[in-house]
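Here are my notes for your reading of this model. Please keep the sequence and the 3D view open while you go through the points.

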Amino acid sequence: MSVREIRVFGDPVLRERATPVDPAAPATAALVQDLLDTVQLPGRAGVAANQIGVAKAAFSYNVDGQVGYVLNPRIDEVRGEPELVDEGCLSVPELGFPTPRHPFCRVVGVDLEGAEVVLEGEGLMAQLLQHEMGHLDGRLYLQALEKEMRSVAMAEVRKAAWY
């Protein structure tokens with residue numbers, strides 16, 4: 001398998017809502033390996049399948065030395081009032097903006113064997129879970145920004161060299 005190129009803002013696949021995957025399908029195992037390979041590069045906390053061009057419900061994570069993946073995830077619980085946290089995205093390179101995120105999040109999905117996977121946490125893990133689930137819903141974190149900040153962010157995107 002391999003490290004896959006990250007799709008950036010403007011790529012239509014980033015707007016697609018991810019469809020469920022069959023955990024037992026050989027293509028799913030290949031997708032998981034690509035997600036794991038891709039998330040392990042320095043500076044990466046999470047990679048959703050649509051960020052590597054596949055609109056399927058899967059993401060990988062690399063937080064505090066813990067690397068893994070989840071298939072067909074759904075948010076099971078969020079707790080606390082949203083707080084502004086500095087956030088960036090591989091699909092919106094070199095930019096970051098204060099984004100409202102709940103301080104706790106729990107996601108439930110499955111692994112390649114169909115066994116339940118529960119990911120939960122506070123801080124960076126909570127932020128990552130909400131961020132990756134946004135990708136799987138076809139949204140970038142820019143859409144979660146407060147209205148005024150979203151205007152600033154979009155102006156910065158339009159000026160970015162990669163756009």
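1. Start with Arg79 and Phe104: Arg79 lies over the face of the Phe104 ring, at 3.9 Å from the ring centre. The model is a predicted one, and the distance is computed from its atoms. As for aromatic pairs, the structure holds 0 of them.

2. Next, look at Gly68, which belongs to strand β3, residues 66-79. Is Gly68 buried or exposed? Its relative accessible area is 8%, and a residue counts as buried under 20%, so Gly68 is buried.

3. What does Gly68 touch, once residues up to four places away in sequence are left out? The contacts of Gly68 are Leu36, Phe59, Ser60 and Tyr61.

4. Two residues deserve a check of their backbone angles. Most residues other than glycine have a negative phi. Asn72 is not a glycine, yet it has a positive phi of about 50°. Asn72 is placed in strand β3. With a relative accessibility of 26%, Asn72 counts as partly exposed, because that class lies between the limits of 20% and 50%.

5. Glu94 sits in strand β5, which covers residues 92-101. Is Glu94 buried or exposed? The relative accessibility of Glu94 is 75%, and the limit for exposed is over 50%, so Glu94 counts as exposed.

6. The largest pocket has a volume of about 240 Å³. It is lined by 14 residues, and the closest to its centre are Ala45, Gly46, Gly88, Cys89 and His131.

7. Which elements each supply at least two residues of the lining of the largest pocket? They are strand β4, residues 83-89, and helix α2, residues 124-136. The largest share of this lining comes from α2, with 5 residues.

8. Finally, consider the kinds of residue around the largest pocket. Its lining divides into 5 nonpolar, 6 polar and 3 charged residues. When you check this division, note that Gly counts as polar, while Ala and Cys count as nonpolar.

Key
Residues numbered from 1 in each chain as written. Predicted model: local features only at pLDDT ≥ 70, side-chain atom pairs only at ≥ 80, totals over all residues. Heavy atoms only, no water. 1 Å grid on protein atoms, 1.4 Å probe; cavity = no way out; pocket = protein on both sides within 12 Å on 5 of 7 lines; lining within 4 Å. Points joined across faces, edges and corners; volume = space filled by probe spheres on them. Helix = DSSP H or I, 4+ residues; strand = E, 2+ residues; numbered from the N terminus. Phe/Tyr/Trp six-rings, centres within 6.5 Å; stacked < 30°, edge-to-face > 60°. Lys NZ or Arg CZ within 6 Å of the ring centre and 35° of its normal. Buried < 20%, exposed > 50% of the residue type's maximum accessible area, 1.4 Å probe, protein only. Contact = heavy atoms within 4.5 Å.
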